[in-house]
Amino acid sequence: MSLILFAFVARVRDGLPLSASTDFQHNRELQQRKQQLRTISKALARFPDRAAVRGQELNIYFVTSDGVSYMSVCHNILPAAKAFCFLEDLRWEFTACYNPTAVASAARPYPFLEFDGTIQKLKQQYDQCGGPTLEITLTEVQEELLLHPPQILTLEEVELTNGAANGHLELAAADQNVKLERVTAPGILSLVLNIMCASLNMIRGVHLLENTFQDDYEGMWNVAAFFLAFVSCVLQCHLYLFHTCRKTVKALILLGVIVLCNVYLLGFRNVWQLLFHISVASFSTVLILTRRLQDKPNDCGV
């Protein structure tokens with residue numbers, strides 16, 4: 001089993017892809033990590049020279065040197081020292097093949113795609129021998145990591161940092177290569193139920209507001225609860241349909257608001273109505289959290 005699944009070389013100043021390994025694997029997490037890796041490459045100047053992003057089964061590692069960043073997606077059972085050792089070997093090979101002038105003058109994406117042959121040889125060396133040919137190289141990298149540990153980044157930090165570099169925070173939704181999975185039948189059902197709940201909250205809120213004006217504004221908190229529940233239902237529909245950063249936190253907050261509003265309005269609804277609204281909100285939250293990003297297929301498997 002290959003532990004180094006993907007390698008990528010990018011120019012720091014503008015994130016231009018210089019070369020990458022060719023792969024035709026359709027592992028979902030790998031495609032997600034590759035997209036996140038490209039996200040990082042667009043804001044390399046804002047990241048440390050050596051860092052790692054941990055995923056569920058696959059991790060991203062990258063090092064930056066002399067205006068070029070060397071990046072990889074590796075299985076999490078591969079020790080970090082070997083992953084960074086691979087990147088150091090990759091850096092030496094790349095600088096031996098291409099001088100800084102060639103890198104600086106590159107104007108189109110993947111101008112050094114032929115470097116993939118060298119990447120494949122390095123990957124095979126690490127897969128077959130378990131590491132670099134010279135053990136001293138691995139030892140030196142391990143000592144360097146002990147003295148200067150790589151910064152561990154979270155996926156949210158990656159999105160926020162890259163979003164700040166591009167003048168917006170919700171990068172993933174704006175990126176052309178990223179889209180959400182198709183809307184499913186349960187998703188359509190949740191949207192319909194959410195719209196129904198939002199409509200009921202709006203109608204009850206408007207009706208109560210009219211009565212409140214006649215009763216010297218008594219019960220304004222009840223009106224506010226109806227309208228807050230209405231807004232929360234609409235926002236749940238938005239969260240399901242569109243990608244956003246910190247989706248999990250937002251989804252759980254909206255669920256909590258809807259539950260609290262309905263509990264507060266218990267005097268205006270019976271138990272069955274209360275359970276219906278909370279069940280719809282819970283159902284929608286589950287679908288929001290389980291709807292994932294998917295990548296558009298990239299040319300040449302790069």
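This is a predicted model: local features need pLDDT of at least 70, side-chain atom pairs count only at pLDDT 80 or more; totals for chains, interfaces and linings use all residues.
Residues are numbered from 1 along each chain as its sequence is written, and side-chain values use heavy atoms, with hydrogens and water left out.

1. Overall make-up. The protein chain contains 11 helices and eight strands, where helices (H or I, at least four residues) and strands (E, at least two) are DSSP runs numbered from the N terminus. Of its 302 residues, 45% count as buried; buried means under 20% relative accessible area, exposed over 50%, and partly exposed in between, with a 1.4 Å probe and protein chains only. Among contacts (heavy atoms within 4.5 Å) with a separation of 6 or more, 71% join residues 24 or more positions apart.

2. The largest nonpolar core. A nonpolar core is a set of buried Ala, Val, Leu, Ile, Met, Phe, Trp, Tyr and Cys residues joined through side-chain atoms within 4.5 Å. The largest has 31 residues, and those with the most contacts inside it are Leu 18, Tyr 70, Phe 86, Leu 87, Leu 90 and Phe 94. Two or more residues each come from strands S1 (4-11), S4 (58-65) and S5 (68-75) and from helices H2 (80-97), H4 (116-129) and H5 (135-147), with H2 giving the largest share, eight residues. Phe 94 shows how parts of the chain meet here: leaving aside neighbours within four places in sequence, Phe 94 is in contact with Val 9, Leu 18, Val 68, Tyr 70, Val 103, Phe 112 and Phe 115. A second, separate core of 20 residues includes Leu 5, Leu 37, Leu 44 and Phe 47.

3. The cavity. A search of the whole structure finds one cavity of 30 Å³ or more, and the volume of the largest cavity is about 30 Å³. On a 1 Å grid over the protein atoms alone, a cavity is a set of points where a 1.4 Å probe fits but cannot get out, and lining residues have an atom within 4 Å of a point; grid points are joined across faces, edges and corners, and a volume is the space filled by probe spheres set on the points. The lining is made up of Asn 194, Cys 197, Asn 201, Cys 233, Ile 258, Asn 262, His 277, Val 280 and Ala 281, and the elements that give two or more residues to this lining are helices H8 (185-214), H10 (247-264) and H11 (271-290). By class, the lining holds five nonpolar, four polar and no charged residues; Ala, Val, Leu, Ile, Met, Phe, Trp, Tyr, Cys and Pro count as nonpolar, Asp, Glu, Lys and Arg as charged, and the others, Gly among them, as polar.

4. Cysteines. The whole structure has zero disulfides, a disulfide being a pair of cysteine sulfur atoms within 2.5 Å. For Cys 237, the closest cysteine sulfur, in Cys 233, is 7.4 Å away and therefore too far for a bond. For Cys 261, the closest cysteine sulfur is likewise in Cys 233, at 9.2 Å, and is too far for a bond. Cys 237 is buried at 12% relative accessibility, and Cys 261 is buried at 6%.

5. Two serines in helices. Ser 190 is found in helix H8 and is buried, with a relative accessible area of 2%. Ser 232, in helix H9 (residues 220-241), is buried with a relative accessible area of 4%, and touches Leu 254, Val 257 and Ile 258, residues up to four places away in sequence not being counted.

6. Arg 204. This residue also belongs to helix H8 and is partly exposed, with a relative accessible area of 30%. Beyond its neighbours within four places in sequence, Arg 204 is in contact with Phe 226, Phe 268 and Arg 269.

7. Backbone angles to check. Most residues other than glycine have a negative phi. Asp 66, in the loop between S4 and S5, has a positive phi of about 55° although it is not a glycine, and is exposed at 73% relative accessibility. Tyr 110, in the loop between helix H3 (100-105) and H4, likewise has a positive phi, near 55°.

Terms used. On a 1 Å grid over the protein atoms alone, a cavity is a set of points where a 1.4 Å probe fits but cannot get out, and a pocket is an open set with protein on both sides within 12 Å along at least five of seven lines; lining residues have an atom within 4 Å of a point.
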